[in-house]
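Good morning, and thank you for coming.

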Amino acid sequence: MLTAFSGFSSVGEYVSSRHAEDSLLVLSWNVENLMDYRSDTTGRYTKRRFYTKCNSIAKTILMIAGKEGRIPDAVALMEVENRFVLERLLSATPLRKCTYNIVHFDSPDRRGIDCALLWRERRLKMRGAKACHLKDEAGRIMATRDILLAEFENLDILVNHHPSKLGSGSGERRKRAMGRMREIMDSLSAAGHSRVLSVGDFNDDVWGGGGRGTIKYNGAWEKIDGHFASDSLCVREKVFDDPLLTEPDRTFGGYKPLRSYSGPRFLGGPSDHFPVILWVRLTEYAEK
């Protein structure tokens, strides 16, 4: 049995920034089934496991803050069940000192998982937020994750978790999700929103070979997590694959993300996906 992930627990040393004030630090992460133990009937998502997982997620975010020199200004999360799990993540872990606000909407997903965004008011001023449904060819709302849209004064952020690769017609569902995302981005641009960042788990290896993967499937690395951005944004992205987030891959060799679950077995890691770190330079500010 692997021990629970452990990392940093202090917040104070991460508040200062080594980066220009015209940049925002955004984190995007599929946190692998952050589920509400209160409604679980399988015995898989127990209270103890839930809080172990919350602490693993929190410590990873603070470890990233330590390495980047600043607490993330926004954290996009995928695979969260409801607002309760987000509130507990922020109140029962060292993240309670980070003063994050929550954007979350319940989606029509069959598994009951949603997207969410944590954001810090001292760095971002919200104008509004909404859930953007995906629709099939008949115009019916699809039973999958909505795209979350959060509009701030200096940046709009979309959080995506596109349909999985499982089941017949999965490729068409992901195509529709990608089309919907681009439609939202185009609509924002047409409305005069020049800075739009779209992040998340796209469930397709959109970017292809050469770069670091975010998930390992049957021994092969895939980069299914990443970002798209409007032309006016300068975005520097990197996959955070710190050794503390990994375990040996005894089947295929090398290493793989230290996930929370392997089937019903609890491993104690934060996620089967690596987080993606994005430094977003707001070029309009930089040119002054």
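I shall speak about the core, then the sheet, and then the helices.

First, the ground rules. The model is a predicted one, in which local features need pLDDT of at least 70 and side-chain atom pairs count only at pLDDT 80 or more, while totals for chains, interfaces and linings use all residues. Residues are numbered from 1 along each chain as its sequence is written, and side-chain values use heavy atoms, with hydrogens and water left out.

Let us begin with the core. In soluble globular proteins, nonpolar side chains tend to be buried together. A nonpolar core here is a set of buried Ala, Val, Leu, Ile, Met, Phe, Trp, Tyr and Cys residues joined through side-chain atoms within 4.5 Å. Buried means under 20% relative accessible area, exposed means over 50%, and partly exposed lies in between, with a 1.4 Å probe and protein chains only. Which residues touch the most other members of the largest core? Among its 37 residues, they are Leu34, Leu77, Val80, Leu86, Leu95, Tyr100 and Leu118.

Two or more residues of this core come from each of β1 (23-34), α1 (47-68), β2 (74-80), α2 (83-91), β3 (100-104), β4 (114-120) and β17 (276-282). These labels are DSSP runs numbered from the N terminus: helices are H or I with at least four residues, and strands are E with at least two. The greatest contribution, 10 residues, is that of α1. A second, separate core has 23 residues, including Leu117 and Ile157.

In what order do its strands lie? The sheet is open, with 6 strands in the order β3-β4-β2-β1-β17-β12 and mixed pairing; two strands pair if DSSP finds at least two bridges between them. Because β3 and β12 (233-239) each have a single partner strand, they stand at the edges, and one side of each has no neighbour in the sheet. Between β1 and β17, which run antiparallel, there are 6 bridges, and Val26 stands opposite Leu278 in β17. The strands β3 and β4 are also antiparallel, with 5 bridges, and here Tyr100 faces Arg120 in β4. Although β3 is an edge strand, 4 of its 5 residues are buried, so β3 is largely enclosed by the rest of the structure.

I turn to the helices. With 17 of its 22 residues buried, α1 is mostly covered. Just after α1, Gly69 takes a positive phi of about 85 degrees.

Helix α3 (residues 170-190) has 21 residues. The expected span of a helix is 1.5 Å times one less than its number of residues; for α3 this gives 30 Å, and the end C-alpha atoms are 30 Å apart, which agrees. Its buried residues include Arg174, Met178, Met181 and Leu188. On the face turned away from the buried side are the exposed residues Lys175, Asp186 and Ala190.
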